[in-house]
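Me: I would like to learn how to read the features of a structure one at a time. Please give the general idea before the case at hand.

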Amino acid sequence: LQQDRDAYVRQAAANALGQGGRRSDDAALSALVQRSAADPDAGVRRVVSGAIGQVAARGSPVALSALLARLEDKDGGVRRSALKALEKVADKDDEQVMSSLFSRTTDVEAFVRHTAVETLSKLTEEGNDEVVLRLLELLEVDRDARVRWSAADGLGRLAARGDSRVLSALLARLDDESDSVRRAAAISLGKVTFAPLQELELQEQLRQERHIAELEHSTRSEVQALQTAIRKMREAHAEEVQQLKRRIAGLEEQHQLDVSTRDTHIQRCEADLEKQGRVCRVDEFMPCASVVTRFLGTLPGLASPGNYGTEIVAPVWALRCVRSMPSGFGAGGRRGGAASAKAEDASPTGSPGKDKRDLLELFELFEQLSTGKVTPLELTENKPLDVYIHKGEDDAYGLYCCSRHRLLALLMRQACCRNECITVRCILRSKDDCGYWGWHWNNFYDGGDGLNVQPSPSHALRGSQSASGAILSPRSLTARPSSPLALAF
């Protein structure tokens, strides 16, 4: 508190002394009083003033002197904090404190005047005429609603019952523009008004006379009320009969509609049942379909941010591609973006040499998977596939893969051994982060369902045909040696 140069540290130290110090702690009070005048930061002085009110004993001359000095501080927040602390430290009707509080009721800051009026009304005994006059003046002339509210509230606590000046002022404030001031004035009126005994007796007598007149009137109007009630009941009965008829007609119409809806539903169920019978035979030509289906059912649970960066083992049949065309044919936004469109328009024939190399690498990787030189799990052991979990427009969750070449080779291998469920290692990536993976998804996902994957555009395949029109085989392309790790791109 005394030595640290950081104002926030000094604030924290002062706050700790105020909350942790005991009442009448002279050491803490001395340190706070010294810092209240010496600290250049207004925030520290505000906290120190509040802390003095927490550790000082009521009536402490040291604390009162320090707080009264802070009432002249150039910062309004410091003055307000000192006023609130005086409420805890000063004795009631202390002349020096009262004088300082009176001067603060004319402060330039409205929130300081508001706090001064509150403190003044709490440190004054009931019936203090000087304070009542000051509160009446503030209630009438102050432009801030908070000050008028605190003045009206203070008058309710301090003014003597039946004081005509207070009653007139509070009645006038019932038309104040601020609802909080009107409410405070009404509450204070209830505290300062009194009803003479004769007036109370007269009110009771009038109440009894009104009650007798009401009883006499009720005997004459009772028959008329009963007749009116009977007439209304007959009218209500007729209306209910009409409503029941309309209800019956509506129910008959609804019944016909329900029957039609039921028949339509039965036809749909029969069609669904027939479709399910066909679906049940999928296992005859794709035995691992049930395994893939069960895995897809776990995707919603894996889609939480807590699973990002987690490695999983997924069936190849469950993988989709982030974009249907190679990323080399345009990047920068969904479906290739504006830059992709311009690139493809400017070079419609693409790069035949690059397409041939891509196809060669794809078939080499497929050959290694087919001959057993590398297994799918070995291929993805050191570099798992980077995948995203995405909910498409059809509300179905899919596992979208970034590695096109490895995905194509794995799908080709899976298609050649349908009786086996091939699985690979994958790492879940986030679509929504602000790093590389979020950028990758936003720039390369083409908005499709990821089920249509092409190794290269159709014109690239045409460019690889021979002069006789036959498509070149991978063996006829210029080969280059590669390893499974080199092909894991």
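Reply: Start with secondary structure: helices (H or I, at least four residues) and strands (E, at least two) are DSSP runs, numbered from the N terminus. By that rule, Phe285 has its place in helix H13 (residues 282-285). The model is a predicted one, where local features need pLDDT of at least 70, side-chain atom pairs count only at pLDDT 80 or more, and totals for chains, interfaces and linings use all residues. Residues are numbered from 1 along each chain as its sequence is written, and side-chain values use heavy atoms, with hydrogens and water left out.

Me: How many helices and strands does the protein chain have?

Reply: The protein chain has 21 helices and 5 strands.

Me: Is Phe285 buried, exposed or partly exposed?

Reply: Buried means under 20% relative accessible area, exposed over 50%, and partly exposed in between (1.4 Å probe, protein chains only). Phe285 has a relative accessible area of 45%, so the residue is partly exposed. The C-alpha atom of Phe285 is separated by 8.1 Å from that of Asn419, a residue 134 positions away along the chain. In the protein chain, 36% of the 489 residues count as buried.

Me: How should I read a nonpolar core, and which residues have the most contacts inside the largest one?

Reply: In soluble globular proteins, nonpolar side chains tend to be buried together. A nonpolar core is a set of buried Ala, Val, Leu, Ile, Met, Phe, Trp, Tyr and Cys residues joined through side-chain atoms within 4.5 Å. Here the largest such core has 51 residues, and Ile52, Leu86, Leu101, Leu155, Val166 and Leu170 have the most contacts inside it. Helix H8 (residues 129-141) gives the most to this core, with 6 residues. Another core lies apart from it and has 30 residues, including Leu319, Leu399, Cys401 and Leu408.

Me: Which residues are in contact with Leu170, leaving aside its neighbours within four places in sequence?

Reply: Contact means heavy atoms within 4.5 Å. With those neighbours left aside, Leu170 touches Leu139, Ala152, Leu155, Ala185, Ser188, Leu189 and Val192. For the protein chain, among contacts with a separation of 6 or more, 72% come from residues 24 or more positions apart.

Me: How do I read the sides of a helix, and which residues of helix H6 are buried?

Reply: An α-helix has 3.6 residues a turn, so residues three or four places apart point the same way. In helix H6 (residues 95-104), the buried residues include Val97, Ser100, Leu101 and Arg104. Met98 and Phe102 are buried in H6 as well. The buried residues of H6 pack against helix H4 (61-70), helix H5 (76-89), helix H7 (110-122) and H8.

Me: How do I read strand pairing, and which strands pair with E5?

Reply: Two strands pair if DSSP finds at least two bridges between them. Strand E1 (residues 311-315) runs antiparallel to strand E5 (residues 423-429), with 5 bridges joining them. Strand E3 (residues 385-391) runs parallel to E5, joined by 4 bridges. Cys426 of E5 stands opposite Ile312 and is also the bridge partner of Leu385.

Me: Which strands pair with E4?

Reply: Strand E2 (residues 319-321) pairs with E4 in the parallel sense over 3 bridges, and Leu319 has Leu399 as its bridge partner in E4. E3 pairs with E4 in the antiparallel sense over 5 bridges. E3 and E4 form a hairpin with 5 residues between them, and Asp395 in the turn has a positive phi of about 65°. Strand E4 (residues 397-401) is mostly covered, with 4 of its 5 residues buried.

Me: How many aromatic pairs are found in the whole structure, and how are they classed?

Reply: Rings of Phe, Tyr and Trp (its six-membered ring) pair if their centres lie within 6.5 Å; planes under 30 degrees apart count as stacked, over 60 as edge-to-face and the rest as tilted. The whole structure has 7 aromatic pairs. One of them, Tyr388 with Trp441, is tilted, at 4.9 Å centre to centre and 55° between the planes. Tyr388 lies in strand E3 and Trp441 in helix H20 (residues 436-444), so this pair ties together parts 53 residues apart in sequence. The rings of Trp441 and Tyr445 are stacked, because their centres are 4.3 Å apart and their planes at 15°. Tyr388, Tyr400, Trp441 and Tyr445 form one aromatic cluster.
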